[in-house]
Each structure stands twice: as structure tokens, then as C-alpha cells.
Amino acid sequence: MAYTILRGGRVLDIASGTADLADILIEDDTIREIGAPGCAAPAEAVEIAATRRLLHPGLVNAHTHGHGNLAKGMGDRWTLELLLTAAPWITGNRTGEDGYLSTQLGAVEMVLKGCTACYDLSFEWPLPSTDGLALTGKAYADVGMRAVVAPMVADRSFYEAIPGLYDALPQPLKERVAEFRLPPGEATLAAIRAALRDWSFDRDRVRPAVAPTIPHHCSDAFILGCADLAREFDIGLHSHVAESKVQGVTGIRLYGQTQTAHLDGLGVLGPHFTVAHGVWLDEDDMARLGDHGASVAHNPGSNMRLGSGLADTRAMLERRVNLGIGTDGANCADNQNMYEAMRLASFVSKVQGPDWRRWLSTREAALAATEGSARALGFGDRIGKLAPGYKADIVMLDLDHPNWLPFNDPVNQLVHTEDGTAVASVMIGGRLVVDNRRVLTLDLERLRDRVEAARERLAAANADNRRLYEALEPVVGSYCPGLAGSPYHVHRYGARLE
Ligand SMILES: [Zn+2]
């Protein structure tokens, strides 16, 4: 038994909006007691001074991509479809070591910015591997961060998945994109099964899940195969659903109904299911998700960055959808700042109409970024809250920082003022991972050198893929917005093509 006691801090309770002075007693990795200042502790307890600190539950990033961090800032005006077109350029020719570095870079950014757990949809070409997933898991374990690692998989390429897109390409480009055909679904499912069987991490720290990436990029048999794995190994399922309008239109064309109605028909929705984005969900979709106890990972920064739109989080909450908040990958966000994601979640709800009663409150945004995201990750009763029995995932904000002067309201300031610059220390599972704004678990200079070396090598290796992107951009960039321009009524009336 190892005991730690945090003394003299203000302990935030988001639900009640209070931040009273209290001491937190931690036994091993778990909060045992939150007591009055000066409360008794075992004599051997290590004491940590938390005077002038606001202690809040670690933020939980409900949707990111570890492989995206080496690609931050590589593009500007990209829709989701152009981002997918750019994938061979920005994530091509990666080794397992690159996957490790990219993921670790994101983990470091997240912990420095007050995030202690994430749901990572990680990508390997042409299919996931036991070694690759183990390296991704190790990247989080080495930083000391909690994570759910889900191989992001499909059995149709982007060019096969969007109706008419392949045919719209000139012949030489058709031949080039044929290289991006994916292995048969059975091979990918077998690879995931092998990785799940060999999973060596403590599932309390780093656990697996599976992510059929976008419904229409997957055959029904493949989606069902992923759902079978999720059931067999008792893990989560995560998919980009109704992210862009192109996806919404494609779903209707392909299935004669929305992507969500189709997934419901396949029987794959449930409390373990997370929809990423959900910008183009209609009310029936939301009701289906809510009735199944499913989650939406709301990524307001990415949704604006890619022009996907503004998700209606109030309507989701009204239909009992569990709402989490994410940053999305650094290749489309382009940072991993959960304070910013919370703030944008609040603001995005507020620009959608003048009826302020439908706007998200800061309390709702903060609960979504903690308890809501925790439930989406499958850690619902163990993280996302500072309370006895919960893991000691605790962020200590400096109340002497300008962000907190004056100290008016802890929840409003957490969501609308804090930007990560007041993060002083971060504890994950009772272990200090960041102290006095320094990451304790790895050598940042060494990480920098390895990341820059990888960047240089990948830029050279992907020069041809970059030229291919530049050739594809005008075609994809005019075909897809054309598809999105189809008459398509989605908002609040039920989705349908006319
Ligand atoms: Zn994503």
C-alpha cells in the first residue's frame, strides 16, 4: 500500500459548481477520501502541497488519432474528403517506430494540457498488426497516460466508398488509387483478433477497442465481424458516423436510410458504441443512439476546421445520448487541447440559435469532457470525477495564473477561460506525470530529435504521395462538394434524399 495526500487545494466538483478547500487521500492509484483541510492520513503518506491550486478531474479526450500528430499543420483548407485523399501523403510510409513517436508526441501534448485519458483510433497501413498496436499502447504507457487504443479499419478504400468518385477520376489517377485497395476484411479481422488475444497491457491503463472507421467504408459483413470481436473481447466499438454531409448523402444512397438507422438494423448499437462527430445525425438517429445508451464523441474544433458543420448537442442530450468531447487528430484539429475543445463545444452550441435555453452550459460542457467522455471510453465509474473510489487522475491548476485572477466561478473559468497555460501538475493513477509544467516520464529533447528525424525521412519518402494528392485535389475537391450539394434534408425532419 502506498499513500499520498494532496493538501490545501480547492477540489472541483463540476456537478455542484463548488471548489472547496479539501485534502485528497490517495491509496495506490485510487482516491480513498476527500476530507476537511488537515484531515488525518497514514504516517507514511507522501504529502504534496496543493496550496493555491484548483484540483479538477483529468480531462478525457473522447476522440483522437495518435498517428495524426506527425502530420499537424500539414494542410489548411481541407474537407474531410480532402483529408482522406491526403492520407497517403501525410501518413504514408510509416514504420512501427513512427507510430510510437507520433502517439507519444500526442500523449505528451495531452498531459501537458490537462488531459489524462483518451480514445485513440490508430491507423496502420495496409492492416493493423500486433506489434504496431503494442507500440501504440506502449507510447501511452511510457508517458503514463490512460488510453483506449482502437485499430481504425475498413475493407473498402475511400475511392470505392464514395459513389461515383472512382469513375470521376481520369484514367491515370484511377490506376494510382487502385494501389489503395484494402486487404480482404477477413485478413484485417484476423489481425485484430491476434492483437486482442496477445494484449499485454493492464486494461485499467491501456485497453483495446475496435473502430470500423466509417460505416460505408466497410461492408456489412465487416462491420458485423468488428461487432463480434467487440462482444467476444468485451471492448468498445467506435466509428465516424454522419461526420460530413458527403457521408450523410452517401449513407442514404447506399442504404436507403441513414448510417445510424443502418447500424441499428445490423444490431451493433449499444452502450459500448461511440459515434464520432455526429454532425449530420437527425432526431431519429439521436433517439436510436440514446435508446441504446450509446455515446457521441463531439469534436467541435475538427468539425469547424474541416467545414463539416455544427453538431446539435442539445438535441443529443434531450434524447439521452451520452455526450463526450474530443479534439480529433492533430492532422485535422491541429492541437490536442481539451480545454479548447470544451470551450468550442460551449461556443458551437451558442451560435446555433438565439434561444439561450438550448445552449450548453459550462457545467454541461465540463461534464461531457470528463464523465461523459469517461463513459464513452468504458471507464465510466472509475475516471472523470474526483470522488472516493475513482482513480487519482488529477489536474492541478495554478490559481495565481492570470487565467484565474480573479477567482469568480470555477466551472465557467475552467471552460471559458482556461487554455492549458495554468496547468501546473498532473497526476495519473496516483503518479505525478507532469510537475511544475515539466513532463517527468520522458526526455522531451530526445523525443524532439527523434520526431524531427522522422519528419525529414517521411517528407522525402512521401514526396510522390504528395504529388499524387496535388493531382487528386481538384477532382475530389469538386466532386465531393457536388455530392454534398444534393438535395438532402437532415435537420430535425429526418434524413432523406429528394
Ligand atoms: Zn476521427
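Arginine 197 is exposed, with a relative accessible area of 58%; exposed here means over 50%, buried means under 20%, and partly exposed is in between, with a 1.4 Å probe and protein chains only. Arginine 197 belongs to helix H7, residues 185-197. Helices are DSSP runs of H or I with at least four residues, strands are runs of E with at least two, and both are numbered from the N terminus. From the C-alpha atom of arginine 197 to that of aspartate 449 there are 34 Å, and the two residues are 252 apart along the chain.

Before going on, the ground rules. This is a predicted model, in which local features need pLDDT of at least 70 and side-chain atom pairs count only at pLDDT 80 or more, while totals for chains, interfaces and linings use all residues. Residues are numbered from 1 along each chain as its sequence is written, and side-chain values use heavy atoms, with hydrogens and water left out.

Histidine 65 is buried, at 6% relative accessible area. Histidine 240 is also buried, at 6%.

Now the interior. In soluble globular proteins, nonpolar side chains tend to be buried together. A nonpolar core is taken as a set of buried Ala, Val, Leu, Ile, Met, Phe, Trp, Tyr and Cys residues joined through side-chain atoms within 4.5 Å. The largest one has 90 residues, and the members touching the most others are Tyr140, Met145, Met342 and Leu397. Helix H8, residues 220-233, gives the most to this core, with seven residues. A second, separate core has 28 residues, including Leu169, Leu173, Leu468 and Leu472.

What does methionine 342 contact, leaving aside neighbours within four places in sequence? With contact meaning heavy atoms within 4.5 Å, the list is Leu59, Ile325, Ala365, Ala366, Ala369, Leu414 and Val415.

Last, the backbone. One joins alanine 333 and aspartate 334, with omega about -15 degrees. Aspartate 334 sits in the loop between strand E13 (322-325) and helix H14 (338-350). Another runs from leucine 405 to proline 406, with omega near -10 degrees, and proline 406 lies in the loop between strand E14 (394-398) and helix H16 (410-416).

Then there is positive phi. Arginine 52 is not a glycine, yet its phi is positive, about 60 degrees. Arginine 52 is in the loop between strand E4 (46-49) and strand E5 (53-57) and is partly exposed, at 40% relative accessibility. Asparagine 93, not a glycine either, has a positive phi of about 55 degrees. Asparagine 93 is placed in the loop between H1 and helix H2 (96-112), and with a relative accessible area of 47% it is partly exposed.
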